[in-house]
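Hello,

Here is the structure I promised to pass on to you. Have a look at it first, and then read on for what turned up in it.

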Amino acid sequence: MKSEILLALKNYYSEKLKLHGPTYKGADWGTLQAQQLSFVQLARLLPEAPYTLLDYGCGYGGLYDFLSENDSQVQYSGYDISEEMINHARQLHGSKDAAWINTLPEKALFDYVIACGVFSVRLNIPQSEWEEHMLQTLHKLDSLSSKGFAFNSLTSYSDPHLMKDYLYYPDPCFLFDYCKKHFSRYVSLVHDYPKYEFAIIVRKDI
């Protein structure tokens with residue numbers, strides 16, 4: 001992943017954090033309900049606990065809060081490129097039941113990995129470079145997970161008049177096909193919930 005892309009994203013979310021604090025708005029979600037609906041789709045990946053989970057791009061820990069309401073046996077790790085986000089996550093949640101990191105250990109491996117909202121904000125990065133960044137990230141998610149991973153994205157099926165230049169709207173069919181060819185036979189495309197996005201769930205085995 002190119003360092004300039006990561007730096008641009010880090011600066012973008014740092015500004016959101018300064019404006020709104022460690023909240024759903026600080027993680028650039030429009031509403032709490034929208035954030036929770038995305039979590040529900042991605043959580044389809046997960047079995048009954050116990051299992052280990054990496055929240056890739058965890059922000060202030062919204063997914064941790066969501067999972068903690070339903071299951072306290074998850075061995076959770078939250079990763080984010082923003083040190084500020086990680087510091088806020090530690091302050092909000094402590095480190096007793098979760099690990100909060102902004103550097104991934106070499107050869108790190110988890111049962112499952114979830115990446116929620118990490119592909120939507122393209123900023124002014126050329127689309128070809130962003131697409132390459134996204135595919136590289138998917139290979140990273142694959143290498144970090146032993147049992148499966150899930151991610152979401154805005155969709156190319158969004159209403160054209162609502163689409164914004166600084167956001168990214170890939171073709172869900174392309175990404176479904178890519179995941180089937182590169183990661184697993186067991187891939188689900190979820191595109192039946194009331195948001196201009198989709199979720200893809202990759203299971204290594206069933």
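Asp 192 counts as exposed, at 62% relative accessibility (exposed is over 50% relative accessible area, buried is under 20%, and partly exposed is in between, with a 1.4 Å probe and protein chains only). Asp 192 forms a salt bridge with Arg 44, and their closest N and O atoms are 4.0 Å apart (a salt bridge is a side-chain nitrogen of Lys or Arg within 4 Å of a carboxyl oxygen of Asp or Glu). Because Arg 44 lies in the loop between α2 and β1 and Asp 192 in the loop between β6 (186-190) and β7 (197-203), the pair ties together parts that are 148 residues apart in sequence. Arg 44 itself is partly exposed, with a relative accessible area of 42%.

A word on how to read all this. The model is predicted, so local features need pLDDT of at least 70 and side-chain atom pairs count only at pLDDT 80 or more, while totals for chains, interfaces and linings use all residues. Residues are numbered from 1 along each chain as its sequence is written, and side-chain values use heavy atoms, with hydrogens and water left out. Helices (H or I, at least four residues) and strands (E, at least two) are DSSP runs, numbered from the N terminus.

Back to the salt bridges: how many does a search of the whole structure find? There are seven. One of them joins Lys 10 to Glu 83, with the closest N and O atoms 2.8 Å apart. This pair links distant parts of the chain, since Lys 10 sits in helix α1 (residues 3-20) and Glu 83 in helix α4 (residues 83-93), 73 residues apart. Lys 10 is partly exposed at 24% relative accessible area, and Glu 83 is partly exposed at 36%.

Lys 16 is partly exposed at 21% relative accessibility, and Asp 28 is partly exposed with a relative accessible area of 27%.

Now for strand β1 (residues 51-56). Six of its six residues are buried, so β1 is largely enclosed by the rest of the structure. Tyr 51, Leu 53 and Asp 55 are buried on one side, and Thr 52, Leu 54 and Tyr 56 on the other. Strand β1 runs parallel to β2 (residues 74-79), joined to it by six bridges (strands pair if DSSP finds at least two bridges between them). Here Thr 52 stands opposite Gln 75. Strand β4 (residues 110-115) also pairs with β1 in the parallel sense, over three bridges, and Val 113 is the bridge partner of Leu 54.

Tyr 56 brings us to the largest nonpolar core, which has 36 residues; Tyr 56, Leu 138 and Phe 151 have the most contacts inside it (a nonpolar core is a set of buried Ala, Val, Leu, Ile, Met, Phe, Trp, Tyr and Cys residues joined through side-chain atoms within 4.5 Å). Its largest share, six residues, comes from α5. Leu 138 touches Phe 119, Phe 149, Phe 151, Leu 175, Cys 179 and Phe 183, not counting residues up to four places away in sequence (contact means heavy atoms within 4.5 Å). Apart from this core lies another, of 29 residues, with Trp 29, Tyr 51, Leu 67 and Tyr 112 among them.

Best wishes
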